[in-house]
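Take a look at the structure below. We will go through its charged pairs, then stop at one strand residue.

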Amino acid sequence: MRRKLLAAFAAAALTIAGSGTAHAAGPTYGEYSLMFEKSAGQYWAGGTAAGQWAWTPLSATESDISWGDPKTWPPKSAERFIHAGDWVLLDGYNDGAGRPLTQIQRVTSEQIGDANCNNLQPIPSADGRQHYVKWNIPATGYCLDATGTIKPPNGSTTVNFRHLQKWSPPHACSNPYFTNQTCITQFEQWWDDNNHPYSLQLSRTLELAKGQGMAFTNRTTVPVNWNADARYYWHY
């Protein structure tokens with residue numbers, strides 16, 4: 001479940017309007033995330049490895065991403081994403097890449113707006129899956145605001161969540177280990193009531209570097225102030 005993935009970051013200092021028709025124009029989220037390649041990376045904080053990620057493509061349209069501690073890899077959790085038309089959708093979570101979903105995430109409300117989260121408009125449902133990011137990267141930023149639930153297939157428990165995101169267009173970026181890169185930026189905040197009162201659990205800004213992958217930079221303010229930077233990228 002997403003709580004496991006958020007906990008991985010905390011322990012280290014602690015990683016769309018409706019479905020449309022895909023079109024070939026400009027850069028894509030795939031070029032930045034490398035979600036359909038057997039790609040991986042490691043990010044460092046304070047001079048040591050703070051975490052690792054890896055994509056496990058499952059088909060031409062589905063891929064799982066794992067986040068965890070390099071010392072205890074592979075982690076027993078992953079997120080499943082689906083490329084559908086103009087969007088990448090978040091489907092749910094499992095106990096390891098490629099395994100069946102153990103927690104299914106579905107939205108009850110979604111809105112899209114401008115880069116400052118103004119002029120919000122409803123997003124038509126994609127069978128309840130969360131519109132996570134646009135596949136074709138627009139030249140201007142945009143905001144996504146989703147609320148919903150996370151449940152196991154039998155519906156025995158329910159976690160309520162809100163996920164607010166601001167996505168920024170391509171820009172020049174660098175970190176202590178890489179220079180002269182091109183990145184897109186995801187600012188995200190996450191609220192839930194998973195075994196605690198409903199409250200903000202995560203606030204951070206992440207950059208994704210074109211041709212490199214996830215977590216190029218990580219600037220977290222909640223639950224703690226923490227910075228990490230990608231040091232190694234590879235394919236497996």
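A salt bridge is a side-chain nitrogen of Lys or Arg within 4 Å of a carboxyl oxygen of Asp or Glu. This is a predicted model. Glu188 lies in strand β11 (residues 181-192) and Arg204 in strand β12, so the pair ties together parts 16 residues apart in sequence.

The structure holds eight salt bridges. Another one pairs Asp145 with Arg162, with the closest N and O atoms 2.9 Å apart. Asp145 sits in strand β9 (residues 142-151), and Arg162 in strand β10 (residues 159-173), so this bridge links parts 17 residues apart in sequence. Asp145 is buried, at 11% relative accessibility. Arg162 is partly exposed, at 27%.

Arg129 forms a salt bridge with Asp127, and their closest N and O atoms are 4.0 Å apart. Asp127 is exposed, at 65% relative accessibility. Arg129 is partly exposed, at 21%. Salt bridges with shared partners join Asp91, Arg106, Asp127 and Arg129 into one network.

Now go back to strand β12, which spans residues 199-209 and includes Thr205. Thr205 is partly exposed, with a relative accessible area of 28%. Which residues does Thr205 contact, leaving aside neighbours within four places in sequence? They are Thr185, Gln186, Phe187, Thr217, Asn218 and Arg219. Gln186 is 19 residues from Thr205 along the chain, yet their C-alpha atoms are separated by 5.7 Å.

Notes
Residues numbered from 1 in each chain as written. Predicted model: local features only at pLDDT ≥ 70, side-chain atom pairs only at ≥ 80, totals over all residues. Heavy atoms only, no water. Helix = DSSP H or I, 4+ residues; strand = E, 2+ residues; numbered from the N terminus. Buried < 20%, exposed > 50% of the residue type's maximum accessible area, 1.4 Å probe, protein only. Contact = heavy atoms within 4.5 Å.
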